[in-house]
Amino acid sequence: MFIAAVRGLAVPARYVSGYRAEDAARSAPHAWAEACIEGLGWVGFDPSTGLSPDESYVRVAIGLDASGAAATGGMRIGPGQEQLAIDVQVGRLGAEE
C-alpha cells in the first residue's frame, strides 16, 4: 500500500526484500519500501514496524513489487519431490568473530 500511495504522488518507489536482525542471535526474512526523495536519494521506509531501516536491515533484492524482488524463485515441471533449505548468517564486515 505504501508503494502504491507514494507512486500515486508521482514519487518513484521500490520494494526491497532481505533480512532484519531481530536481536544479536536471530535474523528473519523481511521486506520494506524505498522512495526516491529529491535531494536525499533512496530513503527506506518500513510501514509494518513504523521504523526507518538501519544497519539491522540487510538488503537482498530490489524490484518494482514483491515478485520482482523475490530472494528465490523457480519453476517445476513434472512429478517428484523438492526441498529448499536456507541458512543465513548476517555479520558486520570487519567485525571480529
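This is a predicted model: local features need pLDDT of at least 70, side-chain atom pairs count only at pLDDT 80 or more; totals for chains, interfaces and linings use all residues.
**Notebook: aromatic pairs and the sheet**

I started with Phe45, which counts as partly exposed at 28% relative accessibility.

**Aromatic pairs**

How many aromatic pairs does the structure hold? I found two. One of them is Phe2 with Phe45: the ring centres are 5.1 Å apart and the planes sit at 35°, so I logged this pair as tilted. I then looked up where the two residues are, and the pair links distant parts of the chain. Phe2 belongs to helix 1 (residues 2-8) and Phe45 to strand 3 (residues 41-45), 43 residues apart.

Then I went to Trp32 and Tyr57, whose ring centres are 5.0 Å apart, with the planes at 85°, so this pair goes down as edge-to-face. Trp32 is in strand 2 (residues 27-37) and Tyr57 in strand 4 (residues 57-63), so the pair ties together parts 25 residues apart in sequence.

Are Trp32 and Tyr57 buried or exposed? Trp32 comes out buried at 5% relative accessibility, and Tyr57 is buried as well, with a relative accessible area of 9%.

Four strands make an open sheet in the order 3-2-1-4, with antiparallel pairing. Strand 3 and strand 4 are at the edges with a single partner strand each, so one side of each has no neighbour in the sheet. On average, neighbouring strands here are turned by 35° against each other, direction ignored.

Going through the pairings, I got nine bridges between strand 1 (residues 13-21) and strand 2, which run antiparallel. Ala21 faces Ser27 of strand 2. Strand 2 also pairs with strand 3, antiparallel, over five bridges. These two strands form a hairpin with three residues between them, and Gly39 in the turn has a positive phi of about 85°.

**Around Glu34 and Arg14**

Which residue of strand 3 is the bridge partner of Glu34? I found Gly44. Opposite Glu34 I also have Arg14. So I checked what else Arg14 does: its charged end sits over the ring of Trp42, 3.8 Å from the ring centre, within the 6 Å cut-off for a charge over a ring.

Notes: Residues are numbered from 1 along each chain as its sequence is written. Side-chain values use heavy atoms; hydrogens and water are left out. Rings of Phe, Tyr and Trp (its six-membered ring) pair if their centres lie within 6.5 Å; planes under 30 degrees apart count as stacked, over 60 as edge-to-face and the rest as tilted. Buried means under 20% relative accessible area, exposed over 50%, partly exposed in between (1.4 Å probe, protein chains only). A charge sits over a ring if NZ of Lys or CZ of Arg is within 6 Å of the ring centre and within 35 degrees of the ring normal. Two strands pair if DSSP finds at least two bridges between them. Axes are lines fitted to C-alpha atoms, for helices over the stretch in contact, and angles run from 0 to 180 degrees between N-to-C directions.
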